[in-house]
Amino acid sequence: MTNDTDAPGPFPTPPHAFEDADGREITVRSLASTDADGIESLVAMYDDFDPSMRAQGIPPTGEARVRSWLDTLVGGDAYNVVAWHGDDAVGHATLVPDGDDAYELAIFVHQDSQGCGIGTRLIRTLLGYGAANDVGHVWLTVERWNHAAIALYEKVGFETMSAESFEIEMEMDLSTARVQTDNTG
Amino acid sequence: MKVLLGIGGSDDSLDALDRTVERAVEAGDELTVAVLDNPESDRSADEVIDHASSVLEEAGLDADVRHLTGDPGSELVELAGREGFEQVVLGGGERSPMGKIRLGHIAEFVLLNAPVTVSLVR
């Protein structure tokens with residue numbers, strides 16, 4: 001962590017509470033593999049996920065496939081954060097180790113909670129959580145026509161590495177990222 | 001049907017080989033296996049040719065196995081057009097650590113440029 005103004009951040013760390021653009025109280029919390037109730041709520045969110053909002057084959061369709069996919073994400077060495085509105089999971093973001101000292105990032109916000117700033121808060125809190133746990137290189141792929149997602153990734157500090165295929169590959173170096181100590185912002 | 005399967009040695013292409021051979025036996029397809037030089041694959045063309053020959057032999061299917069040199073996507077598209085294949089079959093992509101499907105560069109090129117139907121095996 002440095003005070004370099006070009007460094008990404010500052011990012012909040014979970015738990016991170018805020019009011020969304022619709023005036024709802026949202027809290028972003030980390031999700032532990034032992035949190036069975038939290039995982040159930042996340043399964044419910046994905047089970048109700050608008051199929052047209054899927055990207056690159058995820059989230060999978062059908063509860064059984066959702067469960068097995070979440071098992072690999074939440075049960076392994078990934079970092080997971082969930083946005084909560086009361087007891088309902090409304091968003092999920094994850095950093096999954098790629099076996100090569102880097103992490104792949106993905107974020108999903110339920111269709112009923114989009115457009116009110118939750119995605120930005122969720123991804124920034126995930127990046128703060130990762131940075132606080134010494135995650136360095138983070139990358140993601142995004143379909144090149146998914147302009148809203150690309151704009152979000154750019155806003156939080158991702159840079160495009162490769163754009164020659166159907167997917168754009170973006171990355172960020174979290175090792176120099178600043179982490180907020182005051183988590184009210 | 002006259003089917004052209006392109007494989008470069010990635011895991012998804014070898015899966016496509018198994019499934020396409022199985023399908024050809026059932027449907028009586030006339031299958032040609034084109035082995036491509038895929039820079040994204042760890043397996044050499046010779047290894048892939050040997051593997052394809054043994055899969056065909058085991059299935060009792062008589063099919064041509066050819067090694068296409070040069071740019072894999074354009075060579076495959078060219079061959080499909082020149083020899084009147086009705087369908088090109090390729091592997092359906094690898095999965096990222098997250099589970100996202102990632103199409104290879106060959107598949108992207110063939111999807112956009114092939115003169116005939118392209119199937120991705122998943």
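## Ground rules

Residues are numbered from 1 along each chain as its sequence is written, while chains are lettered from A and ligands numbered from 1 in the order in which they are written. Because this is a predicted model, local features need pLDDT of at least 70 and side-chain atom pairs count only at pLDDT 80 or more, with totals for chains, interfaces and linings using all residues; side-chain values use heavy atoms, leaving out hydrogens and water.

## Where chain B meets chain A

Let's start at the interface. Chain A brings 19 residues to the contact and chain B brings 13, where contact means heavy atoms within 4.5 Å. Between them the two chains bury about 1300 Å², 58% of it on carbon and sulfur atoms; buried area is the accessible area (1.4 Å probe) that two parts lose on being put together, summed over both. On the chain B side, B:Met98, B:Lys100 and B:Arg102 supply 52% of the area buried against chain A, more than any other three residues.

Two salt bridges are counted between chain B and chain A, a salt bridge being a side-chain nitrogen of Lys or Arg within 4 Å of a carboxyl oxygen of Asp or Glu. B:Arg102 and A:Glu169 meet in a salt bridge through their side chains, at 3.5 Å from N to O. In chain B, strand S6 (101-102) and helix H4 (105-113) each supply at least two residues of the side that touches chain A, and H4(B) gives the most, with four residues. Helices (H or I, at least four residues) and strands (E, at least two) are DSSP runs, numbered from the N terminus.

## The nonpolar cores

A nonpolar core is a set of buried Ala, Val, Leu, Ile, Met, Phe, Trp, Tyr and Cys residues joined through side-chain atoms within 4.5 Å. Buried means under 20% relative accessible area, exposed over 50%, and partly exposed in between (1.4 Å probe, protein chains only). The largest core has 38 residues, of which A:Leu105, A:Ile123, A:Leu127, A:Tyr153, A:Phe158 and A:Leu174 touch the most other members. Several elements of chain A each supply at least two residues of this core, among them strand S5 (102-109), helix H3 (118-132) and helix H4 (147-156). H3(A) provides the largest share, seven residues.

Leaving aside neighbours within four places in sequence, A:Ile123 is in contact with A:Leu105, A:Ile107, A:Leu152, A:Tyr153, A:Val156 and A:Phe158. A second, separate core of 21 residues includes A:Val43, A:Ile58, A:Val66 and A:Phe108.

## Two residues up close

A:Thr94 sits in strand S4 of chain A and counts as buried, at 2% relative accessibility. Its side chain makes a polar contact with the side chain of A:Asn80 (3.0 Å). Beyond its neighbours within four places in sequence, the contacts of A:Thr94 include A:Leu73, A:Leu105, A:Leu126 and, from the other chain, B:Met98.

A:Ala163 lies in the loop between strand S7 (159-162) and S8 of chain A. This residue counts as partly exposed because its relative accessibility is 34%. Leaving aside neighbours within four places in sequence, A:Ala163 is in contact with A:Arg144 and A:Ile168.

## Salt bridges within the chains

Over all chains the count comes to eleven salt bridges. In chain A, A:Glu63 pairs with A:Arg67, their closest N and O atoms being 2.9 Å apart. Both lie in helix H2 (residues 63-75), four residues apart, about one turn of the helix. A:Glu63 is partly exposed at 37% relative accessibility, as is A:Arg67 at 30%.

In chain B, the salt bridge of B:Asp11 and B:Arg43 has its closest N and O atoms 3.1 Å apart. This pair links distant parts of the chain, 32 residues apart: B:Asp11 is in helix H1 (residues 11-27), and B:Arg43 is in the loop between strand S2 (30-36) and helix H2 (45-59). B:Arg19 and B:Asp15 form another salt bridge, at 3.8 Å between the closest N and O atoms, and both lie in helix H1 of chain B. Finally, B:Asp64, B:Arg66, B:Glu78, B:Arg82 and B:Glu83 are linked in a network of salt bridges.

Notes. A polar contact is a pair of N or O atoms within 3.5 Å; within protein, one must be able to donate a hydrogen and the other to accept it, and residues adjacent in sequence count only if both atoms are side-chain atoms.
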